[in-house]
Structures are given as structure tokens and as C-alpha cells.
Amino acid sequence: MVDKIAKLLAKLPKNDLVRLMAVVNKIVLSDYNDLDIKVLKGNKNIFRVRVGNYRIIFSVISKKKTEIISVAKRNEKTYKDL
């Protein structure tokens, strides 16, 4: 999964990459202020953050531990595999 996320991030334009990495860092630090977060239906601990046309899907394992599940451009397949 990490390889897939790293591949996507490597292909992004620099301005999109900077915006996404800033949000990923906030998620990793559990600083959810000013983020457009929603709980995914049917999942109590899986969330999505909207960053322009991109979605960051992550899981909260504990108060100090989060796992980035996916970083993808929004389309009809974005949420299918969850």
C-alpha cells in the first residue's frame, strides 16, 4: 500500500504534492483542525479528508496512531475497495 501511495505522490504536480503532504503530516500528528474530515459510511474508524480533487483515506487506530490507507484522485472507484 505504501508503494502505491508513494507512486501517486511522485507523479503529482509540485503544488498538489505540497498541499497533500501538509495534510498528511497533520493527520499523522493527529491535528485535525481545519481539515474537511468525514466518517465513511459503515465504518466507525475510517475517515476521508478532501484536499481539492484528491482524497486521503485513513484509519484511526488509537489516539496517537493513524494509518494512511489511500491517497487518490477523486473518481467513481475512490471508495470501492474499502
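Reader: Why is F47 called buried?

Author: The model is a predicted one. Its F47 has a relative accessible area of 17%, and buried means under 20%, so F47 counts as buried.

Reader: What makes Y32 partly exposed?

Author: Y32 has 30% relative accessibility. F58, by contrast, is buried, at a relative accessible area of 1%.

Reader: How many aromatic pairs are there?

Author: The count is two. One of them joins Y32 and F58, with 5.9 Å centre to centre and 15° between the planes.

Reader: What makes F47 and F58 a stacked pair?

Author: Their centres are 5.6 Å apart, with 25° between the planes. That angle is under 30 degrees, so the label stacked applies here too. F47 belongs to strand β2 (residues 46-51) and F58 to β3, so this pair ties together parts eleven residues apart in sequence. Y32, F47 and F58 form one aromatic cluster.

Reader: How do you know that the span of α2 is close to the expected one?

Author: α2 has 15 residues, and 21 Å separates its first C-alpha from its last. The expected span, at 1.5 Å a residue, is 21 Å.

Reader: Which residues of α2 are buried, and how do you know that they share a side?

Author: The buried residues of α2 are D16, L20, V23, V24 and I27. They cover an arc of only 105° around the axis, so they lie on the same side of α2. In an α-helix there are 3.6 residues a turn, so residues three or four places apart point the same way.

Reader: What covers the buried residues of α2, and what does the opposite face carry?

Author: The cover includes α1 (2-11), β2, β3 and β4 (65-73). The face of α2 turned away from the buried side carries the exposed residues K14, N15 and V18.

Note on methods. Residues are numbered from 1 along each chain as its sequence is written. This is a predicted model: local features need pLDDT of at least 70, side-chain atom pairs count only at pLDDT 80 or more; totals for chains, interfaces and linings use all residues. Side-chain values use heavy atoms; hydrogens and water are left out. Rings of Phe, Tyr and Trp (its six-membered ring) pair if their centres lie within 6.5 Å; planes under 30 degrees apart count as stacked, over 60 as edge-to-face and the rest as tilted. Buried means under 20% relative accessible area, exposed over 50%, partly exposed in between (1.4 Å probe, protein chains only). Helices (H or I, at least four residues) and strands (E, at least two) are DSSP runs, numbered from the N terminus. The expected span of a helix is 1.5 Å times one less than its number of residues. The arc is that of the directions from the helix axis to the C-beta atoms. Contact means heavy atoms within 4.5 Å.
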